[in-house]
Amino acid sequence: MLDYLEHMEEGLEVATQALADVEENVFVNEHASVRLIAFGVRAAILQIGEAAISIHKRYRAFEDAHPEVEWAKIGDMRNFLAHEYFAVDYQLIWDAVKHFMPILQAQLPALRSHAEKLEPPSSQPAYRPKP
């Protein structure tokens, strides 16, 4: 479970850093200068959503213990981006990163703390590329 939370943290970090210096109108209008950033942000959201779906499938009691997290919406966003990629609304992605992700980032320390009580961290750290 901790691995899934780490994947969520990584995705949140990537998405928020990727848009840190991008103007909303440039991103939302899919300007060519942010094409790679947009793909990266979408991939980060897919990762976050896949981790949330995995927690839903494998750790239902943990999910139920944290109703403050919008698990279903996170998974739905992932599924939409994965299956309806031609209909992607970049305003929706912008809003998710700028408004929803900070809430999830604030919730993650409590989620991690609870998960560590259930499943102590492994001695093998998860792979994380060096910056």
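**Entry 1: an aromatic cluster**

I began with F27, Y90 and W94, which form one aromatic cluster. I note here that the model is a predicted one. My search of the whole structure for aromatic pairs returned 4 of them.

I looked up the pair F27 and Y90. The ring centres of F27 and Y90 are 5.5 Å apart and the planes stand at 75°; since angles over 60 degrees count as edge-to-face, this pair is edge-to-face. I then placed both residues: F27 belongs to helix 2 (residues 24–28) and Y90 to helix 6 (residues 90–118), so the pair ties together parts that are 63 residues apart in sequence.

I next looked up F27 with W94. This aromatic pair is tilted, with 5.9 Å from centre to centre and 40° between the planes. W94 lies in helix 6 and F27 in helix 2, so this pair joins parts that are 67 residues apart in sequence.

**Entry 2: burial in the cluster**

Y90 is buried, as is F27.

**Entry 3: helix 5 against helix 6**

I turned to the packing of helix 6 with helix 5. I recorded that helix 5 covers residues 71–83 and packs with helix 6 at an angle of about 140°, the axes being 12 Å apart. Angles over 145 degrees would count as roughly antiparallel, and this angle makes helix 5 oblique to helix 6. The crossing of the two helices is left-handed.

Which residues make the contact between helix 5 and helix 6? On helix 5 I listed W71, I74, M77, F80 and L81. On helix 6 I listed L92, I93, A96, F100, L104 and L111.

**Entry 4: a charge over a ring**

I looked up R42 and F39. R42 lies over the face of F39, and the distance from the ring centre is 5.5 Å.

**Entry 5: S54**

I located S54 in helix 3, which covers residues 35–58. The relative accessibility of S54 is 8%; burial requires a value under 20%, so S54 counts as buried. I then asked what S54 touches, leaving out residues up to four places away in sequence. I found that S54 touches Y4 and Y59.

How values were computed. Residues are numbered from 1 along each chain as its sequence is written. This is a predicted model: local features need pLDDT of at least 70, side-chain atom pairs count only at pLDDT 80 or more; totals for chains, interfaces and linings use all residues. Side-chain values use heavy atoms; hydrogens and water are left out. Rings of Phe, Tyr and Trp (its six-membered ring) pair if their centres lie within 6.5 Å; planes under 30 degrees apart count as stacked, over 60 as edge-to-face and the rest as tilted. Helices (H or I, at least four residues) and strands (E, at least two) are DSSP runs, numbered from the N terminus. Buried means under 20% relative accessible area, exposed over 50%, partly exposed in between (1.4 Å probe, protein chains only). A charge sits over a ring if NZ of Lys or CZ of Arg is within 6 Å of the ring centre and within 35 degrees of the ring normal. Contact means heavy atoms within 4.5 Å. Axes are lines fitted to C-alpha atoms, for helices over the stretch in contact, and angles run from 0 to 180 degrees between N-to-C directions. Angles under 35 degrees count as roughly parallel, over 145 as roughly antiparallel, 65 to 115 as roughly perpendicular and the rest as oblique. A crossing is left-handed if the near helix is turned anticlockwise from the far one by less than a right angle, and right-handed if clockwise.
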